[in-house]
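Please look at the sequence and the 3D view before reading the points that come after them.

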Amino acid sequence: MSAAEDVVTEAPAVEAVPKRAMTLGTGTSLVVLAALIIMPVFVKNFIIFQMTMLLIYGLAVLALNILTGGSGQFSLGQSAFYAVGAYTTAVLMEHFNVNYALTLPIAGVVCFGFGFLFGQPALRLSGVYLALATFALATAMPQLLKLNFLEHWTGGVQGLVVTKPDAPFGLPMSQDMWLYYFSLAVVLAIYIFSVNLLRSRSGRAFMAIRDNEIAASAMGVDVALYKTLAFGVSAAITGIAGSLGAIAVQFVAPDSYTITLAISLFLGMVVGGVGWLPGSIVGAAFIIFVPNIAESISKGLSGAVFGVLLFLVIYLVPHGARQVAILGQQLAGKLRKN
Amino acid sequence: MELFTNQVLAGIATGAIYACMALAVVMIYQAIDHLNFAQGEMAMFSTFISWQLMQWGVPYWAAFVITLAFSFVAGIAIERILFKPLVKAPVLTNVAGFIALYAIINSSAGLIWDFTIKQYPTPFGSSPFLGSQLISTHQAGMIGVTVLLLLGLYFFFQYTRIGLAMRAAASVPESARLVGINTSWMIALGWGMATAIGAIAGMLIAPVVFLEPNMMGGVLIYGFAAAVLGGLTSPFGAVVGGFLVGVFENLAGTYIPGVGNELKLPIALALIISVLVVKPAGLFGRQIVKRV
Amino acid sequence: MFLERILRTTALVTAVATLTSGAALAQKKYDTGASDTEIKIGNIMPYSGPASAYGVIGKTEEAYFKMINDKGGINGRKISFVTYDDGYSPPKAVEQVRKLVESDEVLAVFNPLGTPSNSAIQKYLNAKKIPQLFVATGATKWNDPKSFPWTIGWQPSYQSEAQIYAKWLLKEKPDAKIAILYQNDDFGKDYLKGTKDGLGAKAASTIILEESYEVSEPSIDGHIVKIKAANPDVLLIYTTPKFGAQTIKKTAELGWKPLQIITNVSISIGSVMRPAGLDNAQDVLSAAYAKDGTDPQWNNDPGMKKWSEFLDKYMPGADKTDTSVVYGYGAAQTLAKVLEMCGDDLTRANIMKQASSLKDFAPDTLLPGVKINTSATDFAPISQLQMQRFKGEKWELFGEIISGDVASE
């Protein structure tokens, strides 16, 4: 990778994930999918709700994985796109009576545009500067949502209450269960799309940019186009996650979409394994359940316990869940040999 | 016109807060080439330590010096114990480590000292400075100390062996090792110095914003923004950046109608990003050339 | 023989009927979360995040219920207080409340804190017919029994307090020019609305500047400079404690002495007035409904003595200057009263019935003369305040107890 040693040659900030290791093997994938499908029948509504949030955050982390793990662009601003998606859905559902399912693609398109636009000025920034720019976006979003002249639509600081849909065609399942299966279907579709995207020519362009932008440019990759495209796609997926989130929580407010959310999504990506799409759900599980575990250990020090657990994870597996999966694979390989 | 001058002066006073923090940010960046999210929390914790010492009867300057020493050692300790094992890990994992450190320090401070605000003394007094009611003697003192720190850092990085060694270790670690620099300890030293500078910043800021565990949250962002605006490799730029951000923010809040007040921070950040698009290394930063 | 049998059966049936109907009156009725030995109460508080300063309210309530349990509980039942952290984030609040209801199976949710969190859970709790009792925020919208029969507030609403200030200003300083510094969130905006409503037709002419600030700003000095330039006579300070202290300090530093009125939320002597500088805080006005724990005028007050003893025993080391500690005690005492009034009928419907039937109930910590009153159409338990002026090192109450009932729209 680096040839010259007397000029600053940085190792890429984001390391490459070999293409074959991008996803789980077919067998494992099917097992996981089966588990996800059958699970709601056996558990209480509350657990189904938590699993739905797991899928939703997993989707948001997946989007970040495409952006950072795929195209090497750092983002601490995903909460902004999540918020735009959530509010798009809320406004469309509550003010214009649009069917909830229709709001998802609309939110996706709106966020794609938003992300694509943001990608333009971000072109000239990288590393820590891009981090700051995305951070700025994340902090600006709650302020923008509170603006007085938008208050009629957004509900201002009070937010908007969203109505949860019933299962269609009179299916005999609770609202929670229906929303879970709906989200599962959406997440599955986007996951398959993402895997194919990263395996396609565009995906290869992303990764070339991630590994060495200057070389990629010299090789003829339209860096500007692909970088903004990555932002757009990532924003769109995050927006759809936001839409689902708005429906699941039944409420949107500026306080729901602060920089804390962006940082959580970032942590989810790192814990899951940067660039490893299946890890997204592991990362999401971490950011949803570990704070609860930390709280049950110590209410006063829940933040500290969370920090300690996070440290433990990054010491044991600095490359995230992907490392665990690789270890598992090696173990399975050894067992098969014996 | 009077409002304008007043806001500029007030902006410089607030900007001193940001400039202080920005110096600590630049310090850590010079040492490890990353931004440390937990910088603000460490500064806050150091300030609490000094406050606690004063509660126990230790006079101000003694507490100040003890806290500085403690911060320096603590910074090195944190680096050696928590972050040295992560040196080979990817950058993003290190960033996750900073976030974890932030959570630990913030939560611990909240448990030990609770979240109500506490008064923090200033050695400079609070009377109007030179008769101007807009800048108090404390704020003037803050600006003075910041400038002193700046000069000190400038000399350190330009003219002392250790300072040069630290810069080399951060930007070209392999070459630095080849000439015998112990890069690992340079990083530890950088952490120690950054923590100590952060402590100074905290102890200067607390009299104005009042001491409580969440006091540095907002300040850190401004510190980052100021440092980036000024150029992450330039302490001078960091200080100038701090004042610029303070003044610009106040003026934006006063003169941009309608949204200026509600969007002070986003507007300031937007300004900085615009500057970066034109001058990617900040106003006074050094352009780093990257080769394939 | 046959007749005997009929008579005996009739007697038996009558006896049984009498017994059971009598017993029916004394029968115990429980909803999920209540039993012969236990009453499960749920709560969410921001123990972490931007509003973590209020987490101590939850801790105080937990300690209070422990004290009740040590004394034998309520009607022989121990209170099991389950409290979770929501980090002041609405999605997290929803998750935690669902956990309380569906996993922990609590009888009622008590004193959840924060307008955003409560807005998020209101529809869910009302749909599930679970009491959302004594909500810990002053937003006016909790007094709406028609639309949300399961939600009831506790503290005086921000709008009623603001209206009290507005009406006082109209009376005492009708020609004043007013500037308002407010926090740009539901809290500040509620106060702003209350002020404007209270000033009525004169609002447009008397309010010369409305200046908002964000919680994320480290220091609001710049805002004060701007306000001073507009030269108002009156400054309404609708801020949380930290910013209230900064404001009072800054106006003094600028050598500017408008009439300053600060919200009840930021009246703590120890947490606001002292850091701001006691000299600087002279003649600041506010209003109160509860006693200040550090005010020496309550040293011999039986209610505050009980409060102080409670703290010494169950929360040693607690910060007595923190108004949250007084708040938590008062709210918990109100819940204890309601549960006691329920007797053996611990159904959720009865809890709401008792909560809306409080007559002149005076917890230990409320000002003398301020009483809790609720009814089927009045879901605002405390709606009285008394104005006070900061003199020397303490607050001096003046005037009468004013009622500021504002119904939700």
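The points below treat domains, a sheet and a helix in turn.

The structure is a predicted model. Chain C is divided into two domains, and part of chain C forms an open sheet of four strands. In chain A, the briefing turns to helix 8, which spans residues 201-211.

**Domains of chain C**

- Domain 1 of chain C comprises 38-156 together with 299-378, while domain 2 of chain C comprises 158-288 together with 388-403.
- Between the C-alpha centres of domain 1 and domain 2 of chain C there is a distance of 28 Å.
- Domain 1 of chain C contributes 13 residues to the contact, and domain 2 of chain C contributes 14 residues.
- On the side of domain 1 of chain C that touches domain 2 of chain C, there are six nonpolar residues, six polar residues and one charged residue.

**The open sheet of chain C**

- The four strands are arranged in the order 3-2-4-5, and their pairing is parallel.
- Strand 3 (78-85) and strand 5 (132-133) of chain C are the edge strands, each pairing on one side only.
- Two bridges join strand 2 (residues 38-45) and strand 4 (residues 108-110) of chain C in the parallel sense.
- Ile41(C) has Ala108(C), in strand 4 of chain C, as its bridge partner.
- In general, the strands of a sheet pair through backbone hydrogen bonds, either parallel or antiparallel.

**Helix 8 of chain A**

- The buried residues of helix 8 of chain A include Phe206(A), Met207(A), Ile209(A) and Arg210(A).
- Among the elements covering these buried residues are helix 2 (45-71), helix 7 (175-199), helix 9 (213-218) and helix 10 (223-249) of chain A.

Notes:
Residues are numbered from 1 along each chain as its sequence is written. Chains are lettered from A and ligands numbered from 1 in the order in which they are written. This is a predicted model: local features need pLDDT of at least 70, side-chain atom pairs count only at pLDDT 80 or more; totals for chains, interfaces and linings use all residues. Domain bounds come from an automatic or database domain assignment. Two residues are in contact if their C-beta atoms, placed from the backbone, lie within 7 Å. Ala, Val, Leu, Ile, Met, Phe, Trp, Tyr, Cys and Pro count as nonpolar, Asp, Glu, Lys and Arg as charged, and the others, Gly among them, as polar. Two strands pair if DSSP finds at least two bridges between them. A residue is buried if 20 or more other C-beta atoms lie within 10 Å of its own, exposed if 12 or fewer, and partly exposed in between; C-beta atoms are placed from the backbone.
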